[in-house]
Amino acid sequence: MQTTLVKEGSKLTIAVSGRVDTTTAPELEKAVFESTDGITELVLDLKEMSYISSAGLRVLLKSEKAMKAQGKMTLINVNNEVMEIFDMTGFSDILTIE
């Protein structure tokens, strides 16, 4: 998994590529929580994400809860494979997906 961060004022976009699983989920969590001070809009670009496990879903849920306190979080460019996982787990109802 790799992340690319782009900050524009109080907006942070994190592009996530590869697999987010038990091994890589802590890296994503670190990227989110070390970078969101003063951020009111967090955008996760999942165009290149190929897979997400329950560990990755936990990071997204934790990130969503944290961002609700200071702004909002949006997921963009979710591919069909990852969207199926969100639908099966009910995360498509919890997260803001564009």
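Buried means under 20% relative accessible area and exposed means over 50%, with partly exposed in between; these words are used in each legend below, and the model they describe is a predicted one.

**View 1. Arg58 and Glu29 form a salt bridge between two helices****.** The closest N and O atoms of Glu29 and Arg58 are 3.3 Å apart. The pair links distant parts of the chain, since Glu29 belongs to helix α1 (residues 25-33) and Arg58 to helix α2, 29 residues apart.

**View 2. Glu29 also forms a salt bridge with Lys62****.** In this pair the closest N and O atoms lie 2.5 Å apart. Glu29 is in helix α1 and Lys62 in helix α2, so this contact ties together parts that are 33 residues apart in sequence. Lys62 is partly exposed, its relative accessible area being 40%. Through salt bridges that share partners, Glu29, Arg58 and Lys62 are joined into one network.

**View 3. Asp21 and Arg19 are joined by a salt bridge****.** The closest N and O atoms of Asp21 and Arg19 are separated by 3.7 Å, and this pair is one of three salt bridges that the structure holds. Asp21 counts as buried because its relative accessibility is 17%, while Arg19, with a relative accessible area of 43%, is partly exposed.

**View 4. A patch of negative charge lies on the surface****.** The residues gathered here are Glu81, Glu84, Asp87 and Asp93. Helix α3 (residues 80-89) supplies the largest share of the patch, namely three residues, and Asp93 is found in helix α4 (residues 91-94). Asp93 has a relative accessible area of 70% and is therefore exposed.

**View 5. Leu61 is a residue of helix α2 (residues 54-68)****.** With a relative accessibility of 27%, Leu61 counts as partly exposed. Leu61 and Ser10 are 51 residues apart along the chain, and their C-alpha atoms are separated by 21 Å.

**View 6. The protein chain, shown for context, has four helices and four strands****.** Read along the sequence, these elements follow the pattern β-β-α-β-α-β-α-α. The radius of gyration of the chain is 12 Å, which agrees with the value near 13 Å that a compact globule of 98 residues would have. Taken along the principal axes, the C-alpha atoms fill a box of roughly 35 × 25 × 20 Å, and buried residues make up 41% of the 98 residues.

Methods:
Residues are numbered from 1 along each chain as its sequence is written. This is a predicted model: local features need pLDDT of at least 70, side-chain atom pairs count only at pLDDT 80 or more; totals for chains, interfaces and linings use all residues. Side-chain values use heavy atoms; hydrogens and water are left out. Patches are made of residues with over 30% relative accessible area and no salt bridge: like charges are joined within 9 Å, nonpolar side chains (Val, Leu, Ile, Met, Phe, Trp, Tyr) within 5 Å. Accessible areas come from the Shrake-Rupley method with a 1.4 Å probe; for residues, only the protein chains shown count as cover. A salt bridge is a side-chain nitrogen of Lys or Arg within 4 Å of a carboxyl oxygen of Asp or Glu. Lys and Arg count as positive and Asp and Glu as negative; His and the chain ends are not counted. The place of a charge is taken as NZ of Lys, CZ of Arg, CG of Asp or CD of Glu. Buried means under 20% relative accessible area, exposed over 50%, partly exposed in between (1.4 Å probe, protein chains only). The radius of gyration is taken over C-alpha atoms; the globule rule is 2.2 Å times the number of residues to the power 0.38.
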